[in-house]
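User: I'd like to go through the charged pairs here, then the packing. Can you start me off?
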Amino acid sequence: MSGEGAYGGEISPPKKRPEHPPRINCVLVCGGVWHDMDFARLELLKLLAEDERVRTRVFENYETLDAIREADILITYTCDVTPSLAAQEVLRDWLTAGGRWYALHGTNSVLRMLEDGPNKGLWDAPRWAPLMMDLLGTQFLSHPPIAPYTVTVADPDHELTKGIEPFDTTDELYHMERHGDLHVLLETECTEEGTGFVEAADAPGTHPVMYIKRHGKGAVLYNTLGHCRGHYDLQPMLDWWPTVDRCAWELPVFYDLLRRGISWIKARENA
């Protein structure tokens, strides 16, 4: 109730303090080989910083188990980074309890160059982490040479893809082994075999580009786009890569998908 103050002025009711929005604890795992991890890490951190509620811890692997247990959301951009069994079990339990994970590009890769036998000199995708690949919903097997391809919308009514039109990108087109029920949001058609991979012959066909794999109260959102490489990122195999490759990172629609995905994992309580 308002009234007169000591100097005859009106006394206004005290203003209500705005509620403090809850903090969102994020873990970003960005590491591995043959990609410009510095570029990807910085771009993802800039996107996460658009929301002041998000506080992010950054690691190169999955072995800081308490950080994952305490996280609300997880984002990964890796290549050939395989969690220990203990870390995979923590990820499984975290997802089942309601965690949401935005996995990008090579997160689902396990790669080894074969030294002997008929496939000598080819890259293999050993099934060394079946729990990890079940959590992610896919395992990388091969990709054709980086070249333009068209991404189409498999579910135009989902919040993550509503209003997205088919688009062309120049990127690594992932040929993958599927694990479990996937809600495919974006997809593409592969018309040629992969190169330099043991299982490349099976690459032609329709492959998911972005999908959801649910686990209990939680879920993984996977987006295969986003290859990036700088001059030094193939060392020690190659001292200097002649180009700086940014692929889908050059497209506004990719940043739109990244922002939508980050918003979607932050809304985990609505799953």
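Analyst: Terms before details. A salt bridge here is a side-chain nitrogen of Lys or Arg within 4 Å of a carboxyl oxygen of Asp or Glu. Keep in mind that this is a predicted model.

User: How many salt bridges does that rule give?
Analyst: The count comes to 14 salt bridges.

User: Take Arg 259. Which side chain does it meet in a salt bridge?
Analyst: Glu 50, at 2.7 Å from N to O. Arg 259 sits in helix α5 (residues 252-266), while Glu 50 is in the loop between α1 and β2 (54-59), so the pair ties together parts 209 residues apart in sequence.

User: Is Arg 259 buried, partly exposed or exposed?
Analyst: Partly exposed, with a relative accessible area of 37%.

User: And Arg 112, what is its partner?
Analyst: Asp 80, in a salt bridge of 3.0 Å, N to O. Arg 112 belongs to strand β5 (residues 112-113) and Asp 80 to the loop between β3 (73-79) and α3 (85-96), so this pair ties together parts that are 32 residues apart in sequence. Arg 112 counts as partly exposed, at 36% relative accessibility.

User: What about Asp 38 and Arg 41, where do they lie?
Analyst: Both are in helix α1 (residues 37-48), 3 residues apart, about one turn of the helix.

User: Which accessibility class does each one fall in?
Analyst: Asp 38 is exposed, at 55% relative accessible area. Arg 41 counts as buried because its relative accessibility is 18%, and the cut-off for buried is under 20%.

User: Which residues are linked in a network of salt bridges?
Analyst: Asp 51, Arg 53 and Lys 266 are linked that way.

User: Switching to packing. Which residues touch the most other members in the largest nonpolar core?
Analyst: Ile 75, Tyr 77, Tyr 102, Trp 249 and Leu 258, out of 53 residues in that core. Helix α5 gives the most to this core, with 8 residues.

User: What lies apart from it?
Analyst: Another core, of 29 residues. Its members include Phe 59, Met 133, Leu 182 and Tyr 222.

User: Last one, Gly 32. Where is it found?
Analyst: In strand β1 (residues 24-32). Gly 32 is partly exposed, with a relative accessible area of 41%.

User: What is Gly 32 in contact with, leaving aside neighbours within four places in sequence?
Analyst: Met 37, Cys 79 and Val 81. As for Asp 155, 123 residues apart from Gly 32 along the chain, the two C-alpha atoms are separated by 32 Å.

Note on methods
Residues are numbered from 1 along each chain as its sequence is written. This is a predicted model: local features need pLDDT of at least 70, side-chain atom pairs count only at pLDDT 80 or more; totals for chains, interfaces and linings use all residues. Side-chain values use heavy atoms; hydrogens and water are left out. Helices (H or I, at least four residues) and strands (E, at least two) are DSSP runs, numbered from the N terminus. Buried means under 20% relative accessible area, exposed over 50%, partly exposed in between (1.4 Å probe, protein chains only). A nonpolar core is a set of buried Ala, Val, Leu, Ile, Met, Phe, Trp, Tyr and Cys residues joined through side-chain atoms within 4.5 Å. Contact means heavy atoms within 4.5 Å.
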